[in-house]
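Hi,

Here is the structure I promised to pass on. Have a look at it, and below you will find my notes on what turned up.

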Amino acid sequence: MSGQVLEGRSIAARIREDLGRRAAALAEAGRPPGLAIVRFADTGPEVAYAQSLGRAASAIGAVPRDVRLADDVHLTDAAATIAALNADPAVAGIVVIYPVPAHLDADVVGALVDPAKDVDGASPVNADRLARAEEAFVPATAVAVHEILRAYDIPIAGRRTVVVGRSKVVGQPTAALLANHGARVTVAHSETTDVAGETVQAEILVVAVGVPGLIGPAHVHPEAVVIDCGINVTDVGVVGDVDYDRVQPLV
């Protein structure tokens with residue numbers, strides 16, 4: 001028997017509706033929320049992501065601001081631009097589009113953003129707060145995983161949870177967020193000796209690696225909840241890290 005598909009569009013619509021009401025209230029008070037989107041590229045997936053953020057901001061009544069920095073920008077100039085955004089009362093949130101150019105340190109760039117405006121949870125301050133279970137902005141994908149589980153009334157506390165992938169933007173914050181809600185979390189990654197041996201024991205399995213079809217039936221317990229965060233552009237379209245056609249009938 002096929003398992004239940006956790007459909008996220010309705011969850012996203014509900015969140016957008018709530019954010020729209022909050023943005024409208026701020027606009028009526030003369031403070032429409034602005035979102036500064038800092039990017040270093042003119043082509044590629046980074047631009048597509050920046051544009052999607054801009055559209056999402058506009059859709060809820062926020063004011064997107066496209067901030068394009070040169071590919072060869074000096075750290076001093078990048079710092080000055082971000083400092084100005086930090087100080088601008090019209091900017092409620094700042095998102096830096098990663099990856100940054102190779103000559104810049106991503107952690108250093110992230111640390112330039114005021115933690116109070118770091119709505120993508122990329123700054124070391126917010127990462128540290130998350131790790132200590134303190135109030136913090138959390139990377140969007142980690143929040144999405146938690147929102148999906150919450151929307152479907154899937155218990156988290158006490159459940160064996162495996163997160164495959166340890167990236168700073170998805171794997172690590174997702175593991176920390178779920179652990180903060182009581183999950184017993186294991187993180188599997190490229191140096192894990194037996195990934196399938198870990199994942200097949202999971203009651204909640206979150207996959208965020210960037211390898212198409214990495215997770216097959218041998219990796220998944222029949223009663224597991226599986227959330228695939230992978231986004232891979234292939235010849236057949238965008239696919240996840242889970243071999244959906246083979247795994248979905250199992251769970």
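The lining of the largest cavity is made up of Ile94, Val95, Val96, Tyr98, Gly110, Val113, Asp118, Asp120, Ala122 and Ser123. Please keep in mind that this is a predicted model. Strand β3, residues 91–96, gives the largest share of that lining, with three residues. By type, the lining residues split into six nonpolar, two polar and two charged. The volume of the largest cavity is about 40 Å³, and searching the whole structure turns up one cavity of 30 Å³ or more. If you wonder how one looks for such places, rolling a probe the size of a water molecule over the atoms shows where empty space is left.

Four strands make up an open sheet with parallel pairing, and their order is β5-β4-β6-β7. At its edges sit β5 (184–188) and β7 (225–228), each of which pairs on one side only. On average, neighbouring strands of this sheet are turned by 15 degrees against each other, direction ignored.

Inside the sheet, strand β4 (residues 160–164) and strand β6 (residues 204–207) run parallel and are joined by four bridges. Which residue in β6 is the bridge partner of Thr161? That partner is Ile204. Helix α6 (residues 140–151) packs on the sheet, where it touches β6 and β7. The direction of α6 makes about 145 degrees with that of β7.

Happy exploring, and do write back with any questions!

Best wishes

Definitions and conventions. Residues are numbered from 1 along each chain as its sequence is written. This is a predicted model: local features need pLDDT of at least 70, side-chain atom pairs count only at pLDDT 80 or more; totals for chains, interfaces and linings use all residues. Side-chain values use heavy atoms; hydrogens and water are left out. Two strands pair if DSSP finds at least two bridges between them. Helices (H or I, at least four residues) and strands (E, at least two) are DSSP runs, numbered from the N terminus. Axes are lines fitted to C-alpha atoms, for helices over the stretch in contact, and angles run from 0 to 180 degrees between N-to-C directions. Contact means heavy atoms within 4.5 Å. On a 1 Å grid over the protein atoms alone, a cavity is a set of points where a 1.4 Å probe fits but cannot get out, and a pocket is an open set with protein on both sides within 12 Å along at least five of seven lines; lining residues have an atom within 4 Å of a point. Grid points are joined across faces, edges and corners, and a volume is the space filled by probe spheres set on the points. Ala, Val, Leu, Ile, Met, Phe, Trp, Tyr, Cys and Pro count as nonpolar, Asp, Glu, Lys and Arg as charged, and the others, Gly among them, as polar.
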